[in-house]
Amino acid sequence: MSLKLILYRIYQILVMCPLVIVATIVAATLAVVGSALGFGRWAGYYPAVVWSRVFCWLAFVRVSVSGRGNIDRDTSYVFVANHQGAYDIFSVYGYLGHNFRWMMKQSLRRIPFVGLACKWSGQIFVDNSSRGGTRHTMEAAERQLRGGMSIVVFPEGARTPDGVMHRFKKGAYRLAVEFSLPVVPITIDGSYDVMTRFDLLPRPGHIRLTIHKPIEPRSEGHDLSALMDESYCAIASALPERQPEPGDATAE
């Protein structure tokens, strides 16, 4: 281990981690209190934007965004992104520039402060343990979409273990089909080098977000399979590594 890396790890333990804990408590408190007072649309998004940027700043992670002009602040979208690592959340939350709610794993409920803030701010916890749980998940997502909110989903369902984009699941796409909403593919590149699913601490790096043009519903609505393939290809087009063919990757 080099001296530079040793010093960086000392900084993370003594400076970064305590500041991240404080930022998490403050952001979660603002989200819960603001939502309880009836300002959920604001409180469920803007404190988390600052919180996410703090995570990136303190870890010396730079995030650059291209294609932000492809989306309209006043339009409801279903955003779909590849999932390289933990810093996908911070880069999208902090730098997308569009109010949204997450579809996220149930396990995130157990994170201190974060889980409570997510519950109060209307984030959507995915429950696939039963038909009733799946129905409840879809109903929660539908409520947000009917209210004009956008949602962000990682259709792979989990962080890639090897840096390659894996098979997409249909859940988010069914919502786009049902509500005839535009789907916006987002490519995340560089997050795997910052922090993989097996790492405990991040490394400095550069994450690039590419916001692609929305895939608009046709006059007769979306075709589910074509929608999945088109969004997969769009995301893969901005990744440097060769990805699996969409026909294999979107079979579920």
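1. Strands β2 and β5 (residues 150-153) pair in the parallel sense over 3 bridges, where pairing requires that DSSP finds at least two bridges between the two strands. Within this pairing, Val78 stands opposite Ile151 in β5. Strand β2 is also joined in the parallel sense to strand β6 (residues 183-189), over 4 bridges, and there Ala81 has Ile186 as its bridge partner. Helices (H or I, at least four residues) and strands (E, at least two) are DSSP runs, numbered from the N terminus.

2. A word on the basis of these values: this is a predicted model, in which local features need pLDDT of at least 70 and side-chain atom pairs count only at pLDDT 80 or more, whereas totals for chains, interfaces and linings use all residues. Residues are numbered from 1 along each chain as its sequence is written, and side-chain values use heavy atoms, with hydrogens and water left out.

3. In a regular strand the side chains alternate between the two faces of the sheet. In strand β2 (residues 78-81), Val78 and Val80 point one way and Phe79 and Ala81 the other way, and all are buried; buried means under 20% relative accessible area, exposed over 50%, and partly exposed in between, with a 1.4 Å probe and protein chains only.

4. Strand β3 (residues 100-105) has 5 of its 6 residues buried, so it is largely enclosed by the rest of the structure. It pairs with β5 in the parallel sense over 3 bridges, and Arg101 has Ile151 of β5 as its bridge partner. A further 3 bridges join β3 to β4, the two running parallel, with Met104 opposite Phe125 in β4.

5. A search of the whole structure finds 18 aromatic pairs. The centres of the Tyr87 and Phe90 rings are 4.9 Å apart and their planes lie at 75°, so this pair is edge-to-face; rings of Phe, Tyr and Trp (its six-membered ring) pair if their centres lie within 6.5 Å, and planes under 30 degrees apart count as stacked, over 60 as edge-to-face and the rest as tilted. Both residues belong to helix α4 (residues 87-95), 3 residues apart, about one turn of the helix, and both Tyr87 and Phe90 are buried. Tyr93 and Trp102 form an edge-to-face pair as well, at 5.6 Å centre to centre and 85° between the planes. Tyr93 counts as buried at 7% relative accessibility, and Trp102 is buried with a relative accessible area of 4%.

6. On a 1 Å grid over the protein atoms alone, a pocket is an open set of points with protein on both sides within 12 Å along at least five of seven lines, and lining residues have an atom within 4 Å of a point; grid points are joined across faces, edges and corners, and the volume is the space filled by probe spheres set on the points. α5 (114-121), β4 (124-126) and α6 (131-146) each supply at least two residues of the lining, and the largest share, 5 residues, comes from α6. Among the lining residues are Arg109 and Phe125, and the charged end of Arg109 sits over the ring of Phe125, 4.0 Å from its centre; this requires NZ of Lys or CZ of Arg within 6 Å of the ring centre and within 35 degrees of the ring normal.

Terms used. 1 Å grid on protein atoms, 1.4 Å probe; cavity = no way out; pocket = protein on both sides within 12 Å on 5 of 7 lines; lining within 4 Å.
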